[in-house]
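This report describes selected structural features of one protein model. Please consult the sequence and structure shown below.

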Amino acid sequence: MARVLSCIQPTGAVHLGNYLGALREWVKGQHTNDVFHGIVDLHALTITETPGVLGANSLDLGAMLFAVGLDPDVATIFVQSHVVEHSVLGWIMECTVSYGELSRMTQFKDKAAKREADFVSAGLFTYPALQAADILLYDANEVPVGADQHQHIEITRDIAIRFNHRFGDTFVIPKAVTPAEGARVMDLQEPTNKMSKSATSDAGCVYLLDEPAAIVKKFKRAVTDSDSEVFYDRDKKPGVSNLLDILSAATGVKPADLATRYSQYGPLKADTGEAVVEMVRPIQERYAELMADRGELQRLLRKGADKARTVASATLDRAKNAIGFLPY
Ligand code: TRP
């Protein structure tokens with residue numbers, strides 16, 4: 001079994017793109033690999049200034065991860081700030097990466113530019129060092145990430161190799177793996193863009209906790225393509241193909257096969273909306289149950305953190321010993 005780590009920031013409601021693209025694959029992967037999933041609140045702190053939101057969002061995301069089917073007895077689900085080793089190794093990583101390397105991170109440049117007049121924290125700049133700590137603490141062999149994260153995995157490898165060279169063999173060198181192919185879900189209003197909560201309007205983004213009526217409405221209003229034929233072709237028919245992909249993800253039928261069943265956009269939109277409502281219904285029910293018993297939910301997250309700490313503290317000890325800090 002490979003040790004697999006992937007993390008998600010608690011920065012707001014989970015949408016269909018997160019679920020079909022990633023979370024549903026995490027659920028499938030939990031029985032074939034030894035999986036660790038961090039709710040990375042320390043990463044979210046790089047762009048958070050309001051009291052209370054990190055804790056609330058972490059609890060919410062924890063409930064969502066269990067609601068979609070991650071099993072606390074199988075997968076290790078933990079909140080990053082509960083495992084103090086992340087902060088400690090994060091600092092060590094900051095001292096193992098260079099200013100120049102961090103300056104080349106395209107995600108930092110993009111995020112910093114987008115924040116314009118907003119506060120750009122030093123944490124936003126050193127973010128990849130903390131991410132390296134997340135990965136290396138768990139001796140992760142594989143990190144399933146999308147293309148936007150490849151540079152961060154590359155820098156993690158560079159840091160690990162440098163550390164091992166300086167202080168002796170300590171860290172497992174991880175590799176980025178292409179996540180098991182989940183559906184690539186596009187914005188319903190701008191089907192050439194990925195579904196994202198940062199889109200200009202909410203109309204194109206379906207949240208897992210949206211009311212059924214809201215889901216149906218978002219699909220009814222989905223942007224389709226200029227002619228009126230239904231066939232599957234991502235380039236020529238981005239809007240229709242997105243609907244077919246979503247319907248396919250919800251029903252297990254191939255998009256091209258589904259296309260043959262429709263001659264008009266209206267019924268395709270209606271059926272896709274209904275199929276998504278049915279798909280998220282059990283998730284919404286489990287989410288509500290979990291949120292109704294906050295004590296139990298926190299117990300599940302503590303259990304994950306305790307499991308995570310056992311692994312993380314052993315790795316941190318190895319790193320500290322390799323460096324040769326004065327023992328306590
Ligand atoms: N940077 C990742 C993102 O924005 C989140 C993340 C933090 C992560 N630590 C990680 C992903 C470790 C994989 C492994 O999506």
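## Packing of helices α7 and α8

Helices α7 and α8 are roughly perpendicular to each other, a term for angles of 65 to 115 degrees. The axes of α7 (residues 122-136) and α8 (residues 150-167) cross at roughly 70° and come within 9 Å. Axes are lines fitted to C-alpha atoms over the stretch in contact, with angles from 0 to 180 degrees between N-to-C directions. Helices (H or I, at least four residues) and strands (E, at least two) are DSSP runs numbered from the N terminus.

Residues in α7 that meet α8 include Tyr127, Gln131 and Ile135, and those in α8 include His152, Ile155 and Ile159; contact means heavy atoms within 4.5 Å.

## Basis of the model

The model is predicted: local features need pLDDT of at least 70 and side-chain atom pairs pLDDT 80 or more, whereas totals for chains, interfaces and linings use all residues. Residues are numbered from 1 along each chain as its sequence is written, and side-chain values use heavy atoms, without hydrogens and water.

## Strand β3 and Thr76

Strand β3 (residues 76-79) runs parallel to β2 (residues 34-39), and 4 bridges join them; pairing requires at least two DSSP bridges. Thr76 in β3 is the bridge partner of Phe36. Thr76 and Phe78 point one way, Ile77 and Val79 the other, and all are buried.

Thr76 has a relative accessible area of 2% and is therefore buried (under 20%; exposed is over 50%, partly exposed in between; 1.4 Å probe, protein chains only). Among the residues that Thr76 touches are Val35, Gly304 and Ala308.

Key. Parallel < 35°, antiparallel > 145°, perpendicular 65-115°, else oblique. Lists of a residue's contacts leave out its neighbours within four places in sequence.
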